[in-house]
Every structure is written in structure tokens, then in C-alpha cells.
Amino acid sequence: HEKALVAVVTLTWGAINSPNGNEILYGAGVKIDTDGGTVSNCVITGNFGGGYSVGFGAAAMSAKGLFIKCKVVGNSEKSSISSSRTGRGAGIALVGGRFLYGTIANNEIRVANGYQTGGGASMEGGVISHSFITNNYVRATDYAPAAGGGGVVVHSAGAVIANSYIAGNSTQSSGGGIKARAECHIVNCTVVGNTANRFSGVNILAKTALAINCVICGNTVTY
């Protein structure tokens, strides 16, 4: 329900696994469904995803979903339930929802010849604002060209990333800080100290994606 509230708790040890792709699962730690709701001042940590799952730590499934002043840290793929074949968003997945005044850090996906993207966040629309996105990873056991977006991947149009600090994220593919596969606006952001095999800061693949008034520097291409 849009008036539902979860506040000041730690959400941990959730797990989701979609091994064959027939059903895409979202949000092992917490999921705000399409009716909406708010998660406030929570720590979302130590949750796991596998297979074709999205948002290992958390997910918001509509514009009515709000995460505010939350820490999404240390969520990852769990190899014992399944290799992450097309997993997205080890930290959080936004399907039109909002993530404000929070931290997305130290989340990880290990790639195994798939399409894994978004070590920190996967965005299908939605807003991330006034937040820190740091030290997230998409690691490839084998080189996977479709993988990437160590910090954030924009998977569908309409996303906004604003007034945020995106640093220390990495991928063995492209887009160490941000990988924009679809139309989006990146506004007033600092993107520094990220690493990738190509386009270590921001990898813009969509003609309608814009970076406005951003600092993008000190990112490193690795081979």
C-alpha cells in the first residue's frame, strides 16, 4: 500500500533465484510492490540473488515506491543458488521508484558469460538523487561484452540520476561508473575514480541520454 512504511530496521539474509528466466524476481531484501510504500532509514545488507533476478538487495516496482536515507550495502550474487546469468542491480532495482539521500555501496555481481549489469543499481526509469554510489562491482569470470555498469546501469528510458557522487565502481566490461543503455538524464553528478575496460566513467549508448553539469574525471581504463 502507498502508505505502508518500513523504518529504522536492518533487512538481511534474503535470497531470490530465477534459474530459467520464466519469471524475473525482484528484491531479495525488500520489495516495494506496484501499490507503493516507503522504506526509510534502513540498512539493506547481506542479501543474495541468482539466475535472472534483479535488485538483489532491494526493489521498487512503480513510481509510488520511495527509499529515503537508506544504506544498500554488501549485497551480491550467491553462487550456491545459481550463477547470475542476466542479473541486474546487485544493490537495488528501480522500476520507476525513487532513491533519495542514501548510500549504495560494496554490492557485487560476478559475471559468467551473461548480460549482468549494474553492480550498484539497475534503473528502468526512476530517480536516484543526493546519494553516494561507491565501490560496487560487476566482475567477469570470462569477458562478457554485454556486461558493465559498475555503479549504475540505465536499462529502460526515463531515469534521472541527480546530485550524486559516483566513485570507486568497476567492471571488466564498459561503463565503470554509469552505463546508459536507454534515455536518461545525469545531472549535477560527480563521476570520479571508476575503472572499466572501456568508457571508465560514463558509457552512453542511447542518443537521448544526457549528462548535464557533471564532473567526469579521473576514471581509469584497464586492460
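Which residues is Thr 222 in contact with, leaving aside its neighbours within four places in sequence? They are Thr 195, Ala 196 and Asn 197, where contact means heavy atoms within 4.5 Å.

## Basis of the model

This is a predicted model, in which local features need pLDDT of at least 70 and side-chain atom pairs count only at pLDDT 80 or more, whereas totals for chains, interfaces and linings use all residues. Residues are numbered from 1 along each chain as its sequence is written, and side-chain values use heavy atoms, with hydrogens and water left out.

## Overall form

The chain has 31 strands and zero helices; both are DSSP runs numbered from the N terminus, with strands (E) needing at least two residues and helices (H or I) at least four. The radius of gyration of the chain is 15 Å, close to the 17 Å that the globule rule gives for 223 residues, so the chain is as compact as a globular protein of that length; the radius is taken over C-alpha atoms, and the rule is 2.2 Å times the number of residues to the power 0.38.

Along its principal axes the C-alpha trace spans about 45 × 40 × 25 Å. Of the contacts in the chain with a separation of 6 or more, 83% are accounted for by residues 24 or more positions apart.

## Burial and the nonpolar cores

Of the 223 residues, 54% count as buried, a term that means under 20% relative accessible area, with exposed over 50% and partly exposed in between (1.4 Å probe, protein chains only). A nonpolar core is a set of buried Ala, Val, Leu, Ile, Met, Phe, Trp, Tyr and Cys residues joined through side-chain atoms within 4.5 Å. The largest has 34 residues, and Phe 67, Phe 99 and Ile 161 have the most contacts inside it. Among the strands that each supply at least two residues of this core are strand 12 (92-94), strand 20 (152-156) and strand 21 (159-162).

Beyond its neighbours within four places in sequence, Phe 99 is in contact with residues including Phe 67, Ile 92, Leu 94 and Val 127.

## Two positions compared

Gly 65 is found in strand 9 (residues 65-68) and is buried, with a relative accessible area of 0%. Gly 96 is 31 residues from Gly 65 in sequence, and their C-alpha atoms are 7.7 Å apart.

Thr 222 lies in the segment after strand 31 (220-221) and counts as partly exposed, at 32% relative accessibility. Its C-alpha atom is separated by 35 Å from that of Leu 11, 211 residues away along the chain.
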